[in-house]
Amino acid sequence: MSKKPIVGITMGDAAGVGPEIIVKSLQKQEVYQNAHPFVIGDAKMLERAAKVLDTEITIKRVNEAENFEDTTFGEIACYDLDILPEDLPFGQVSPEAGHAAFEYLRTAIELANAGRIDAICTAPLNKEALHKGGHVYPGHTEILAELTGTKDFSMMLSSPKLKVIHVTTHVGLIDAINMIAPERVYHVIRLAHETLSNSGIKQPKIAVCGINPHAGENGLFGYGEEEEKIIPAIERATGEGINVEGPLPADTLFFRAQRGDFDIVVAMYHDQGHGPIKVLGLEAGVNITVGLPIIRTSVDHGTAFDIAGTGIADDQSLLEALRQAIELAPEK
């Protein structure tokens, strides 16, 4: 009988809703039935969130020497890095919170690399705060890639009706188009195929977005980007037996995919893929970094500074991210 996975939950930017949605999620018994969850962050921020939520849940401090499987429903175990001040303002960009968010993630990666935890689930960070805290990365994904030495990776967004994987993410649109190349498109198609195949889908159906309106419409729009950057990758993947179709017009492709025509869509740039997922509902979306040597899932929303400290933040995306982390974690 396999053992329950150990899932480390990083707090993200503690000036946002991360601590609140973590406390909400870890009051659900289903999480403990399927995993050993514990938080990597600042215990005092969880205690503050518990007060905001008017809950009596106990925050239990743990350290590196302790057994991370010692988690009990009714209390929240926290690997306490004790970085932030108790009076950290809600809803404000803070260099201290940005630095702390980096340290939470760095610690989680170290624990995962050492085999102490089986998956990482991340609460949201704030990119401006991260940069002001001295860590100039576009986001979680790039930190994870650098600290694990991973070069071939991609961001996948998953919701009950739609999965999207990205060729480029956190770069400007002009830069994104310049970065799209046949080799990169091919590798993302392969990552999509391998990820879904490993999850139990035989011969997953993969659709690839075009770059231009109507996927260029045979040269009518753009300057031949589809022919130059995308079609060679699709031909290479098809030649290896991967079930892939495209380039297809993005304005109709996402409708077809959520209808069930395809298992996953390869998007060329950030908003092309993020927009359709978020229209389907922020609470259902999960961010998964594929290609890493460790499992990482995340909420598909930001720090929500405007509602931080009010207790009204929805924990459904974090719960779904935890479910997917548990499902993807290697069997022990």
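**Pockets and cavities**

Visitor: How much space lies in the largest pocket?

Guide: About 440 Å³. This is a predicted model, with local features needing pLDDT of at least 70, side-chain atom pairs counting only at pLDDT 80 or more, and totals for chains, interfaces and linings using all residues. Residues are numbered from 1 along each chain as its sequence is written, and side-chain values use heavy atoms, leaving out hydrogens and water.

Visitor: What shows where empty space is left?

Guide: Rolling a probe the size of a water molecule over the atoms. Here a 1 Å grid over the protein atoms alone is used: a cavity is a set of points where a 1.4 Å probe fits but cannot get out, while a pocket is an open set with protein on both sides within 12 Å along at least five of seven lines. Lining residues have an atom within 4 Å of a point. Points are joined across faces, edges and corners, and a volume is the space filled by probe spheres set on them.

Visitor: What about the second largest pocket?

Guide: Its volume is about 330 Å³. Of its 21 lining residues, K127, H170, N287, V299 and H301 are the closest to its centre.

Visitor: How many cavities of 30 Å³ or more does a search find?

Guide: Two, in the whole structure. α3 gives the largest share, three residues.

Conventions: Helix = DSSP H or I, 4+ residues; strand = E, 2+ residues; numbered from the N terminus.
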